[in-house]
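Visitor: Could you walk me through a couple of helices in this one? I'd like to take it bit by bit.

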Amino acid sequence: MDNNDEEVATASARAVLFSQDLWGEIWPGLDGPTKAALRGVCSAMRRLVDESIEVVASPRDGFSAADLTAALRNWPGVVHLTLLAVGDASTLRPLATATLMRLACLTVREPPEDEDGDEVLEWPLPVLSSALSATLQVMDLSFCLGLISIDAVHSCAQLRVLWMPGSGVSDLSPLTGCEALEELWLAGNEQVASLEPLGACTKLRKIDVRGCYFELYNQVADLQLTCTQLTDPVLVELEGLVHELQPGIPLDKQEVAVDELQNHNDMGDDKDTQSAIAAAGAIPALVQMLVRDPMSSVQTSAADLLASLAFAHEENQTAITAAGAIPHLVQLLGRESTAALQMAAAYVLGHMAANHARNQAAIAASGVIPLVVHLLGLDEMADVHRTAATTLGILADNHAQNQASIAGAIPRLVQLIGPDSHAGVQESAARALHHLAVSHAGNQAAITAAGAIPPLVRLLGPDSRADVMEAAANALWVLADFAENKAAIANAGAIPRLAAIAGGGAIPRLVRLLGADSPADVQASAADALCQLAANHAGNQAAITEAGW
């Protein structure tokens, strides 16, 4: 059973186990074999669910220590136990007598900070039963601001991983009894002043002291004398940041973590950095952040980081799709999303599809094209228009089916290359028209009929940016492949359907772009366009010669 199957089975099991009223209605009408089969399925699902339990252990919700004691008796086989909204140690007292013989991972989360305007209460980690101490391997106390003592971990001989970033713990001496400890995560824990107790933890491989007392950085270096397997601190930092993207971590901490990961990616600016962030587990975590409810700015940040990780990185493009991002991104493109979220979703999809034929097809098959086309029509949204046009161009690139599906956007794209648009929008729209026209006679005709040639020729003028001129020249080059367009591009009025081409035609402008003052990319695009205009057209050949090329 793979992870997706487990998720489905777990969700199904929860639905089955907690829909007893419905069962009461259905069960009497089932035959014997069906009942036997369902009993087997429910038993298997129950075992699966019982291995991972979440409990909202909040006194505010009427949940008491007695309730937790009763709950733990019902789940003797639990392996992963998560206790949410724990405000003080009293709720956790049943852990001192719990007989959970398989518990390997214990996660504790405090209520959201200032949920009811209350101050954070200080509390020590309560005593753990001998059964828990003997089996517990991972303890996650992330951002338990009120936690001030971890004395109870002293007897956890099997503890391998301890997460407590952002806690109030200052004394690490209880860890002297944790000789199996391999990972210690202390980011933002300003109270810790000494790592000396870790000298006994010779198996320590990862320690994260981001945002801690500065002297701890020097002490980490000293630890290498006894802990010879310590991992590169940059890689540890990335893993620590990814951990802070999990559900249950305060939203502001998640947003800070996304921003810091984005900064890492921007500073590295290479495939190795993209790969390192992905290897730290960022992609699945970021994809899950896309579906948080209610929608928030952290989703936009998560989408932007996914786009950065996908940029020109085939392995990450594939991994983002495998993590299930496409349907979530399609959902974010819906009209109930903010414009910022819609733009971020389109941005990710464009980077996922670029030079990746499988993603290109999968994204188009998800029904995304009409949603992206809709973004072109939003009023006074230049950044959204630019992103949508870019994404449509990428989806159309060398994909005949997508070119046909996007053809309805041609009139709007032609409007966006007009003089009223921002240069970035003009450039993206011209590139989209270029990709729509390549080897597609129907789209070439539609682009011409929509009046694209005059504004494209105007974009070749000296007032345009280099990237805009290059995009316009590329579009004209492809349109010149359509025989009827050769004369239209070269000479105003050659085809009555088209408006006059200002400035004496496109050829002189293209020739000017070949000059030494033009960037190399622009020169190359202009040369391609002129070659296409000259092919099998004596009049254009003469005009090009007369223009000095």
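**Helix packing, piece by piece**

Guide: Let's start with α10: the elements covering its buried residues include α7 (233-243), α8 (251-268), α9 (271-279), α11 (297-310), α12 (314-322) and α13 (325-332). This is a predicted model, where local features need pLDDT of at least 70, side-chain atom pairs count only at pLDDT 80 or more, and totals for chains, interfaces and linings use all residues. Numbering runs from 1 along each chain as its sequence is written, and side-chain values use heavy atoms, leaving out hydrogens and water.

Visitor: How many residues of α10 are buried?

Guide: Buried means under 20% relative accessible area, with a 1.4 Å probe and protein chains only. Among the residues that pass are Ile283 and Leu286. Helix α10 (residues 282-289) is mostly covered, and the count is 6 of 8.

Visitor: Is Gln426 buried or exposed?

Guide: Gln426 sits in helix α20 (residues 423-437). Its side chain has a polar atom 2.9 Å from the backbone oxygen of Gly418. Because its relative accessibility is 10%, Gln426 counts as buried.

Visitor: How do α20 and α23 run, roughly parallel or roughly antiparallel?

Guide: Helix α23 (residues 466-479) packs against α20 with axes 8 Å apart, at an angle of about 20°. Angles under 35 degrees count as roughly parallel and those over 145 as roughly antiparallel. So α20 and α23 are roughly parallel.

Methods. Helix = DSSP H or I, 4+ residues; strand = E, 2+ residues; numbered from the N terminus. Buried < 20%, exposed > 50% of the residue type's maximum accessible area, 1.4 Å probe, protein only. Polar contact = N/O pair within 3.5 Å; in protein donor to acceptor, adjacent residues only side chain to side chain. Axes fitted to C-alpha atoms, helices over the stretch in contact; angles between N-to-C directions. Parallel < 35°, antiparallel > 145°, perpendicular 65-115°, else oblique. Contact = heavy atoms within 4.5 Å.
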